[in-house]
Amino acid sequence: MPQDNRTNTAVEKVECDGQVNLPHPKVYLHFDANGVVICPYCGKKFQLDYAKTN
Ligand SMILES: [Zn+2]
């Protein structure tokens with residue numbers, strides 16, 4: 001039977017525009033399963049606070 005095994009977590013996203021160091025068009029980045037995402041434009045790493053479990 002069809003079943004979606006993806007974790008049904010809330011879609012957490014962050015927006016990045018490079019701020020003042022490396023400006024780029026604003027993009028919305030979605031966190032991966034580890035609560036981490038790296039901006040493809042400026043390389044800035046974002047991490048969800050609640051992902052710091054261990
Ligand atoms: Zn960025």
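1. A residue is called buried if 20 or more other C-beta atoms lie within 10 Å of its own, exposed if 12 or fewer, and partly exposed in between, with C-beta atoms placed from the backbone. Cys 42 has 15 C-beta neighbours inside 10 Å, so Cys 42 counts as partly exposed.

2. This is a predicted model, in which local features need pLDDT of at least 70, side-chain atom pairs count only at pLDDT 80 or more, and totals for chains, interfaces and linings use all residues. Residues are numbered from 1 along each chain as its sequence is written.

3. Overall make-up. The protein chain has zero helices and four strands. Both element types are DSSP runs numbered from the N terminus: helices are H or I of at least four residues, strands are E of at least two. From the N terminus the order reads β-β-β-β. Of the 54 residues in the protein chain, 4% are buried.

4. Contacts. Two residues are in contact if their C-beta atoms, placed from the backbone, lie within 7 Å. Take the contacts in the protein chain with a separation of 6 or more: residues 24 or more positions apart account for 14% of them.

5. Cys 42. This residue sits in the loop between strand S3 (36-38) and strand S4 (45-47). Leaving aside residues up to four places away in sequence, Cys 42 touches Cys 16, Gly 18, Leu 22 and His 24. Pro 23 is 19 residues from Cys 42 in sequence, and their C-alpha atoms are 7.9 Å apart.

6. Gln 19. Look for this residue in the loop between strand S1 (13-16) and strand S2 (27-30). Gln 19 is exposed because 10 other C-beta atoms lie within 10 Å. Gln 19 and Cys 42 are 23 residues apart in sequence and 9.4 Å apart from C-alpha to C-alpha. Gln 19 is not a glycine, yet has a positive phi of about 55°. Most residues other than glycine have a negative phi.

7. Ile 38. This residue belongs to strand S3. Ile 38 has 14 other C-beta atoms within 10 Å and is therefore partly exposed. Ile 38 touches Gly 43 and Lys 45, with residues up to four places away in sequence not counted. Cys 16 is 22 residues away from Ile 38 in sequence, with 9.9 Å between the C-alpha atoms.
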